[in-house]
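Subject: Structure for your review

Dear colleague,

Please find below the structure that I would like to hand over to you.

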Amino acid sequence: MLEFTPRSAASHHAQDEPVVATSRHVLDNPAWSALTGPHAAFAEGNDLVKHYPQDISAFGGVASWDDPDVWDAIIDVYGHGAEVFASHAEPELPDGWEYLRRGLGVQLVPTERLETRPHPEAVELGADDVDDMLAIVERNKPGPFLPRTHELGRYVGIRRDGRLVAMAGERLRADGWTEISAVSVDESARRQGLASALTLDIAHAIRARGDEAFLHASGTNTAAVSAYEKLGFVLRRRVPFLRIRTP
């Protein structure tokens with residue numbers, strides 16, 4: 001398993017406490033919380049296992065890994081010999097199941113230091129911008145982004161000479177919480193504060209509707225984690241991200 005050590009920004013604000021929003025327990029299993037809550041309209045699966053459509057997100061969730069029926073429920077949804085993306089838990093697999101890949105991420109939540117604000121250069125992105133959104137994600141690799149991911153929430157970007165050079169948006173949405181995701185900035189537009197500006201813009205709109213923002217990042221991307229901490233986010237927990245093969 002990968003290891004993660006917070007950078008100096010974490011120690012500078014070690015006393016920071018996360019803001020209080022609707023109960024934070026939904027963040028322990030955010031995909032399930034989203035698919036049985038605000039994103040229920042996207043949910044596919046059964047009573048124990050749900051996932052997003054394959055052209056929206058690879059995320060899925062289970063009601064409880066402690067339920068002995070969950071393994072049959074996963075096979076009912078995904079089939080035999082299928083690759084399943086799982087996160088936020090690392091269950092002991094039954095015989096015949098296989099871990100294909102393990103990675104460690106981090107989950108961050110806001111503190112009172114987070115001062116959100118709209119960015120004057122940000123423009124709303126939608127279905128007409130999908131090709132440009134997919135292209136900037138391909139260039140910058142912030143994490144999975146698919147042709148319909150933009151349907152999950154609000155996305156904004158910055159264009160220079162017609163070219164989309166920066167983007168950020170919303171992904172998982174659980175009760176009281178919305179995830180900021182797909183933060184991307186082209187190399188030509190870096191060191192201008194655009195990633196921070198769009199993160200704060202997205203967080204501002206999230207707060208305006210009564211939710212709080214949260215984030216996931218790779219445990220190895222310490223530069224991004226440090227940048228988020230400087231904005232006013234704090235590490236809540238380390239999160240396993242897994243690829244599992246069904247028997």
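What pLDDT does the protein chain average, and what percentage of the residues score at least 70? This is a predicted model, and its chain averages a pLDDT of 92, with 91% of the residues scoring at least 70. Residues 1-12 call for care, as the pLDDT there is below 50. Beyond near neighbours in sequence, this stretch has 29 contacts in the model. Where pLDDT is low, the predicted coordinates should not be read in detail.

I turn next to the strands. Strand E8 (residues 163-174) runs antiparallel to E9, and 6 bridges join the two. Within this pairing, Met-167 stands opposite Ser-184 of E9. E8 and E9 make a hairpin with 2 residues between them, and Gly-176 in the turn has a positive phi of about 85°.

E9 also pairs with strand E10 (residues 212-218), here in the parallel sense and over 4 bridges. Ile-180 stands opposite Leu-215 in E10. Between E9 and E10 the chain passes through helix H5 (residues 194-208), and this β-α-β crossover is right-handed.

Helix H6 spans residues 222-231; Val-225, Ser-226, Tyr-228, Glu-229 and Leu-231 are buried in it.

The next topic is the nonpolar cores. Which residues touch the most other members of the largest nonpolar core? They are Ile-180 and Phe-233, in a core of 25 residues. Two or more residues of this core come from each of strand E5 (98-110), strand E7 (155-160), E8, E9, H5, E10 and H6. H5 gives the most, with 6 residues. Leaving aside neighbours within four places in sequence, Phe-233 is in contact with residues including Leu-108, Pro-110, Ile-180, Thr-199, Leu-215 and Tyr-228. Another core, of 17 residues, lies apart from the largest one; among its members are Val-26, Ala-34, Phe-85 and Leu-172.

Finally, there are the aromatic rings. The count comes to 8 aromatic pairs. In one of them, the ring centres of Phe-42 and Tyr-52 are 6.3 Å apart and the planes stand at 45°, so the pair is tilted. Phe-42 lies in the loop between helix H2 (30-35) and strand E1 (44-45), and Tyr-52 in the loop between strand E2 (49-51) and strand E3 (60-62), so this pair ties together parts that are 10 residues apart in sequence. Are these two residues buried or exposed? Phe-42 is buried because its relative accessible area of 18% is under the 20% cut-off. Tyr-52 is buried as well, with a relative accessible area of 1%.

Phe-59 and Phe-85 form an edge-to-face pair, with 5.2 Å from centre to centre and 85° between the planes. This pair links distant parts of the chain: Phe-59 is in the loop between E2 and E3, Phe-85 is in strand E4 (residues 83-87), and they are 26 residues apart. Both Phe-59 and Phe-85 are buried. Ring pairs also bring in Phe-241, linking Phe-59, Phe-85 and Phe-241 into a cluster.

Yours sincerely,
A colleague

How values were computed
Residues numbered from 1 in each chain as written. Predicted model: local features only at pLDDT ≥ 70, side-chain atom pairs only at ≥ 80, totals over all residues. Heavy atoms only, no water. Buried < 20%, exposed > 50% of the residue type's maximum accessible area, 1.4 Å probe, protein only. Pairing = 2+ DSSP bridges. Right-handed = clockwise from strand over helix to strand, strands pointing away. pLDDT = per-residue confidence, 0-100. Contact = heavy atoms within 4.5 Å. Phe/Tyr/Trp six-rings, centres within 6.5 Å; stacked < 30°, edge-to-face > 60°. Core = buried A, V, L, I, M, F, W, Y, C linked by side-chain atoms within 4.5 Å.
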